Amino acid sequence: MGTAPKTAAPASGRAATKKELPEHFKAYKHVWVFIEQERGQVHPVSWELMGAGRKLADKLKVDLAAVVIGPEGEATQSAAAESFCYGADLVYMVADDLLTDYRNESYTKALTDVVNTYKPEILLLGATTLGRDLAGSVATTLLTGLTADCTELDVDADGSLAATRPTFGGSLLCTIYTLNYRPQMATVRPRVMPMPERVVRPVGRIVSHPLGLFEDDIVTKVLSFLPDRDSQKSNLAYADVVVAGGLGLGSPENFQLVRQLATVLGAEYGCSRPLVQKGWVTSDRQIGQTGKTIRPKLYIAAGISGAIQHRVGVEGADLIVAINTDRNAPIFDFAHMGIVADAIRLLPALTAAFRARLSPHSRDRIAS
Amino acid sequence: MHIVVCIKQVPDSAQIRVHPVTNTIMRQGVPTIINPYDLFALEAALELRDQFGGEVTVLTMGPPSAEDSLRKALTFGADRAVLLTDRFFAGADTLATTYALATAIRKISIEFGAPDLVFTGKQTIDGDTAQVGPGIAKRLGLLQLTYVAKISALDLQARTIDAERRSEGGVQILRTRLPCLVTMLEATNQIRRGAMADALRAARAPIVKWSAQDAGVEDISKCGLRGSPTIVKRVFAPAARSEKAVLIEAGEQPAEALIDAIFKRQPGLETELATLARGY
């Protein structure tokens with residue numbers, strides 16, 4: 001039933017709401033981050049999680065460990081070495097050529113075995129296609145709690161992980177605990193946590209763990225891999241400037257006004273959820289809880305009312321500029337700057353004005 | 001061939017409103033729908049049945065009113081509908097949900113034949129966890145293919161399935177063995193308009209209704225709130241930013257005024273934008 005309907009039942013006064021950690025879970029210590037590596041590349045969300053994990057570990061006064069799983073050789077070794085630069089106290093490593101491609105069976109075994117052997121109290125994974133595929137299997141195997149797509153992680157006074165995420169389709173936030181099971185698992189979407197600073201540090205302790213599988217044990221075979229062409233990739237999540245449109249644009253044709261401004265700014269474009277649901281824009285451009293989370297230096301939201309599920313996807317932006325006809329729209333509660341205006345009229349004017357201002361021949365620029 | 005499709009009845013999130021004073025969900029009058037992502041799973045299952053023959057069973061867990069969603073699924077052409085409903089299931093998190101659904105699928109195997117495939121949507125629009133599919137697979141010992149964009153081949157003799165699975169930087173083409181659980185990606189097909197005959201049949205078709213006991217649940221403490229390792233401690237609306245947005249007066253030249261305000265607040269931005277813009 002997902003996490004959302006849970007609040008329908010009374011949450012107070014039940015035995016399960018009290019912390020009574022069974023004896024066999026008391027040996028579970030330390031904070032772990034799963035380092036997601038595919039085709040030799042570490043997904044940036046892993047380093048973002050190391051930043052979040054470091055804070056939790058410091059607060060709990062325990063170690064932060066990175067779990068690196070991948071094929072034998074250079075890429076996996078270098079992912080392990082990098083983990084120390086992002087704050088790891090130690091690394092658990094499962095290196096085996098059967099782990100060259102991500103497959104649920106082999107990765108679930110690798111991660112589950114390391115957890116059962118070395119017993120972390122908290123385990124964090126990126127909420128990517130890989131991370132969600134893996135986390136669901138591992139949590140079910142371990143019969144523990146897993147909180148998806150958290151927007152905030154903290155530990156409370158008695159050392160429990162407090163994982164906050166949007167609920168009810170993103171209209172409210174809720175804080176979820178896994179009080180009496182270990183490890184406490186959570187996933188976090190890319191860009192929700194800030195990228196921590198990389199500090200050059202020597203390679204520390206690496207604990208290797210065997211996979212213990214033969215290829216014949218793994219049923220699923222990878223027939224081939226088709227990498228996305230560059231033209232198919234949008235860099236929305238990691239863009240420095242983003243322009244997005246919402247229902248206030250009125251029609252699918254008007255969405256080109258958003259794209260035109262984005263082009264002039266060298267920005268990526270995006271949209272709010274209703275536009276994807278209406279089929280105006282493809283889902284890879286959706287910004288918010290169920291789409292991309294962004295942290296640009298400048299975010300311009302045109303005709304977007306600012307539901308919570310959108311808000312949690314953009315709050316990390318340095319400067320949020322809102323354009324909306326309704327001065328009571330919730331977006332003005334979290335934008336830094338706003339203008340009460342019709343986006344359909346203002347966007348073309350903004351595009352023209354930015355073009356003039358940013359042109360290398362602009363008199364304004366020469367003057368300044 | 002037998003395919004089980006797990007669906008969920010969800011509130012139409014586009015119509016959810018939060019009470020401005022109490023910050024609670026106003027449930028009254030919010031219509032319910034089949035989780036939109038599940039329709040891609042249902043259509044994929046119906047297409048395979050049309051091609052290879054066999055039956056599609058739709059399964060849901062929810063309150064008695066979830067029967068509406070099952071009838072809707074029958075109008076699209078599903079052959080059988082099973083409703084898992086019991087107060088013991090209330091308050092389930094994903095782990096307790098997968099326990100109940102996996103138990104029901106075992107019972108379906110006994111009553112109606114073992115499924116070759118189990119389908120779910122990518123995720124629901126109310127919970128948004130994407131964990132229930134993998135959880136069911138793990139509990140039933142099924143292989144799993146998540147985020148599937150296309151089922152490219154199915155060989156019932158060799159018991160294999162080939163699928164295109166969306167991964168972070170591209171598409172994995174995978175081959176695995178039946179029985180298998182598939183979570184379908186959105187926008188991979190379009191749900192059919194049900195045939196008139198199916199609509200007529202759906203209106204009268206009996207819905208199989210199982211309580212926890214009927215479904216063969218042996219340990220009630222693994223269900224619902226009691227069977228959930230996670231607990232929700234607090235539900236709240238986020239606080240407004242302490243400083244409200246600075247509103248720019250839309251005078252004669254609102255665009256210029258807004259740009260001036262942006263660059264005044266973030267002076268470094270103008271040079272950066274000029275560099276970025278030159279890239280285009």
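Start by selecting chain B: 49% of its 280 residues are buried, where buried takes 20 or more other C-beta atoms within 10 Å of a residue's own, exposed 12 or fewer, and partly exposed is in between, with C-beta atoms placed from the backbone. Before you click further, note that this is a predicted model, in which local features need pLDDT of at least 70, side-chain atom pairs count only at pLDDT 80 or more, and totals for chains, interfaces and linings use all residues. Residues are numbered from 1 along each chain as its sequence is written, while chains are lettered from A and ligands numbered from 1 in the order in which they are written.

Stay on chain B and switch to cartoon. You'll find seven helices and 15 strands; these are DSSP runs (helices H or I, at least four residues; strands E, at least two), numbered from the N terminus. The C-alpha trace spans about 70 × 45 × 40 Å along its principal axes. Chain B has a radius of gyration of 24 Å, whereas a compact globule of 280 residues would be near 19 Å (taken over C-alpha atoms; the globule rule is 2.2 Å times the number of residues to the power 0.38).

Now show both chains. Their contact takes 94 residues from chain A and 82 residues from chain B, counting two residues as in contact if their C-beta atoms, placed from the backbone, lie within 7 Å. On the chain A side, helix 4 (residues 129-142) gives the most, with nine residues.

Next, pick helix 9 (residues 343-358) of chain A and helix 6 (residues 254-265) of chain B. They pack at about 55°, with axes 8 Å apart; axes are lines fitted to C-alpha atoms over the stretch in contact, and angles run from 0 to 180 degrees between N-to-C directions. The pair is therefore oblique (under 35 degrees is roughly parallel, over 145 roughly antiparallel, 65 to 115 roughly perpendicular, the rest oblique).

Last stop: Y107(A), in helix 3 (residues 104-118) of chain A. Y107(A) counts as buried because it has 24 C-beta neighbours inside 10 Å. Leaving aside neighbours within four places in sequence, Y107(A) contacts I69(A), L99(A), Y102(A) and L134(A).
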